[in-house]
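Start with the display, then read on.

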Amino acid sequence: MKRVQSVFALVLVFAMMFSVASCSKRGAIVQTTSEELLDSGSSAASGTAAGSGAAAVKTASGQKTGGTSGAAGTTGGNKYTGPKVTIKLIHWNQAGQVEQMVIDQVVSQFEKENPNIQVNAQIVNTDYEVKLNTMIASGTVPDVFLVPDGDFGTWVKTGVMLDIDSRVRSSKVLNLNDIYPSAWERYQWNGKTMGVGHFYALPKDIGPVCMYYNKDLFKKEGVAFPSATTAMTLPQALAMWQKLSKDTDGDGKIDVYGITRMWWEGVVLSSGGQILSGDHKSFVMGSDQKSISAIQYIADLINKYHVAPDGTTLGSMNEDTMFASGRAACIENLRASVTSYRQYGFNWDVCPVPAGTVNPGENSWSGSVGYAVYSKSQHPDAAYKLVEYFASPEGQNIMVKLGFNVPLYKSQASSPDYLQSGKEPANAAAFTKAAATQPAGLWQLLPNRSWYDMLDQDLDQVWEGKEDAKTCLQSITPSINAAIRNGNSYLFQ
Amino acid sequence: MKSKLYRKDVFWGYAFIAPLLLGLLVFLLVPLLSSVYISMSSYDLANKPVFKGLANFEQLVKDPIFWKSIVNSLYASLGVPLGMLLALIVALMLNKPDIRGKGFFRMLFFMPTICSAVAVTFMWKWVLNDDFGLINQVLKMMKIKGPNWFSESLAMPSMIMMGVWGGMGISLLLYLSALYNVPRVYYEAAKVDGAGPLRQFFSITLPGISPVTFYILVTGLIGALQDFTRFQIMTDGGPNYATTTTVLYIYNNAFQYADMGYACAMGWALGVIIAVVTIANFVMSRRWVYYD
């Protein structure tokens, strides 16, 4: 019996150890724009549209390897001229087969232009981060790997990404001035802070956020559509949502809400609230009146004015469904939702997310994924070429044409391939406008983002109306500070 | 003393289990021992672990979320005895000789067990939906205002409810076969002695199936303390950490924050807790488990 016990205990310990490794994945905290498929069928013929405005940009018509296609500069600096190599690329799969299709198209064009490079693309269906972490541990990371911006901090700190700064800055293909700064700033790191310093990755896409609204519901209630270009102020938005919220069956409970849930980060930032201290070492929302009022504003939408549903802890699935079923007139969401919303049986459009008056441009955060070169890659030159290609006007143009991406380049923002007139949303330009001003998510502030996850959990008490914003933010300050310290101890040495 | 033949047999015996032993060594013992070392280091997967003594464990003791997650895991494991009780009641009903459609019911109750945990979780997400979930819709028809099943206080009971539903199939099958195996003669003898159905149940049935009860309890508790997937999908630990189980927290530290050292330290702490619970089970079992 004794022996049975000890063997049993041992087995348990093992089982426990492995339960960690084998567990199934939780999606990236942020689903970035990768899942965007608009309509792969949009094949719009003209290849001359987009990139031509930018200097030293190859237009999309330059498809052959001849090298004469460059709009401006010579192609000499653009091509890989080294020995024949095969490089590996790893990518996640958030959008089903579309993801594969998009990668295949870009890669095959890249291979045509760089005949000495062959790309071996691997698409990971589930558990991308777990898979890559395992590869990092065993030193078998592919030459080029996808980096969701929420994981950038964790990975860059470990040194798995090659510093590509000098290559990026001397690139003849990229035109950084033409890319939205927030799209590339988030892939910089100076050894201590993100958002400044050297490039360790380049963006593949950008996923800005707008407010989607159900036009039919607005018409039914006789409420004017929000402005397509200017963000409403927070009080204006409240007044609008109050007109839209209705108890249709008279049971005392609201059945149609004005909005599902405002994302608190954008409300705080646009109101001029401060989240961390300037050196990012401490959490300051608890003593920052602007942050407190911003958080309280969202809580009041739920608990005081009842224009937003309470206890929506089910996350986006529930919120999407509420919008889909006409139970919410507005929803704040990434552009990735466009495809699925097109299948809804009502008319809708997008507008800027309502914002505070201090920094109305920071009314939400945008998502992004990028590509990095593995620091121990045997073929850094070839690998960098591929990373660069994805971020280049030409690579972007392929993806924009497929309807997959919001263009990274300002000069491509008016591309008919992207705007897709005749399809919802009519106001697609609102997304590119948002891309220009929306910052990266708060994980940008520190490489270890456990403090942010913790804050997000703690705020549930405010959303549930158990505590007011001030009490909550003040009472959680010590534990958030501890999480910042524990996760980012290097900052404090 | 031992014969030559015996020694030869022993040799071949070991030879035959050698592949298995080797596998255990490589895939269990080595990771196990290295996890001890990692639990005492700072390790981000990319760089070599840096030894830092007991710092991870110190952080662990001071980490309120870790303790909350332990409490949550223990809370969640309340679902085990609850599920066992329900399974036993259903098994007793199905065990009546004159019941019709026994196979059908058995299949019905076993169905959740063979469904994918992910699919089942998504289904429950709908059933429990605050606004138009099945349960609250039914309550609404009865003019009762359904609660928000995922509020801080109800989230864990909701998860337990789902766990009981999903885990009942196996317990039920085990109980059915255990009930079948209790020798009829005891009941006949008891009847002759004038024992009523209740007396028979507590003096014959319960002791008779106690080894199975014990088995379900031990494996169920271990499983419950390691529960993870459905929490991740259903609530992702929220709201306000009400459903953050220890394994979910370990997973987040390991794969979201690349803090393997801390995750391993927590893994060991959880392992010790599970071992203690299990040993306690074994010790207590001497009082209530009867082997023939």
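A:W241 has contacts well beyond its sequence neighbours. Setting aside residues within four places in sequence, A:W241 touches A:M211, A:G258, A:I259, A:M262, A:Y297, A:L301, A:V307, A:C330 and A:P354. The model is predicted.

A:W241 belongs to the largest nonpolar core, which counts 191 residues. A:W241 is among those with the most contacts inside this core, together with A:F145, A:W264 and A:W451. Helix α14 of chain B (residues 260-288) gives the largest share of this core, nine residues. A second core is separate and has 23 residues. Among its members are B:Y175, B:L176, B:I204 and B:A224.

## Chain A overall

Chain A holds 19 helices and eleven strands. Of its 493 residues, 61% are buried. Take the contacts in chain A between residues at least 6 apart in sequence: 75% of them join residues at least 24 apart. The accessible surface of chain A is about 18000 Å², and carbon and sulfur atoms account for 52% of that.

## The five-stranded sheet

Five strands of chain A form an open sheet in the order β2-β1-β3-β11-β6, and the pairing is mixed. β6(A) runs antiparallel to strand β11 (residues 369-373) of chain A, with two bridges between them. In that pairing, A:G370 of β11(A) is the bridge partner of A:P203.

Helix α13 of chain A (residues 380-391) packs on this sheet. Helix α13 touches β1 (85-92), β2, β3 (144-148), β6 and β11 of chain A. The directions of α13 and β11(A) make an angle of about 165°.

## Strands β7 and β10

Strand β7 of chain A (residues 209-214) pairs with β10(A) in the antiparallel sense, over four bridges. A:N214 stands opposite A:W348 of β10(A).

In a regular strand, side chains alternate between the two faces of the sheet. Strand β10 of chain A covers residues 348-351. A:W348 and A:V350 point one way, A:D349 and A:C351 the other. All of these residues are buried.

Which residues of α14(A) are buried? They are A:P393, A:E394, A:G395, A:Q396, A:N397, A:I398, A:M399, A:V400 and A:K401. That is nine of nine for helix α14 of chain A (residues 393-401), so this helix is largely enclosed by the rest of the structure. Its cover includes α2 (97-113), β6, α13 and α15 (416-419) of chain A. After α14(A) comes A:G403, with a positive phi near 80°.

Helix α17 of chain A (residues 450-458) has eight of nine residues buried, so α17 is also largely enclosed by the rest of the structure. The buried ones are A:S450, A:W451, A:Y452, A:D453, A:M454, A:L455, A:Q457 and A:D458. What covers them includes α9 (264-270), α18 (460-463) and α19 (469-487) of chain A. Helix α3 (64-76) of chain B is part of that cover too.

## A:T432 in helix α16

Is A:T432 buried or exposed? A:T432 has a relative accessible area of 7%, so this residue is buried. A:T432 sits in helix α16 of chain A (residues 429-437). Its side chain reaches the backbone oxygen of A:A429 at 2.9 Å. Beyond its neighbours within four places in sequence, A:T432 is in contact with A:Y180, A:V406, A:P407, A:A413 and A:Y418.

Technical notes
Residues numbered from 1 in each chain as written. Chains lettered and ligands numbered in written order. Predicted model: local features only at pLDDT ≥ 70, side-chain atom pairs only at ≥ 80, totals over all residues. Heavy atoms only, no water. Buried < 20%, exposed > 50% of the residue type's maximum accessible area, 1.4 Å probe, protein only. Pairing = 2+ DSSP bridges. Contact = heavy atoms within 4.5 Å. Axes fitted to C-alpha atoms, helices over the stretch in contact; angles between N-to-C directions. Core = buried A, V, L, I, M, F, W, Y, C linked by side-chain atoms within 4.5 Å. Areas by Shrake-Rupley, 256 points an atom, 1.4 Å probe, with all protein chains shown as cover. Polar contact = N/O pair within 3.5 Å; in protein donor to acceptor, adjacent residues only side chain to side chain.
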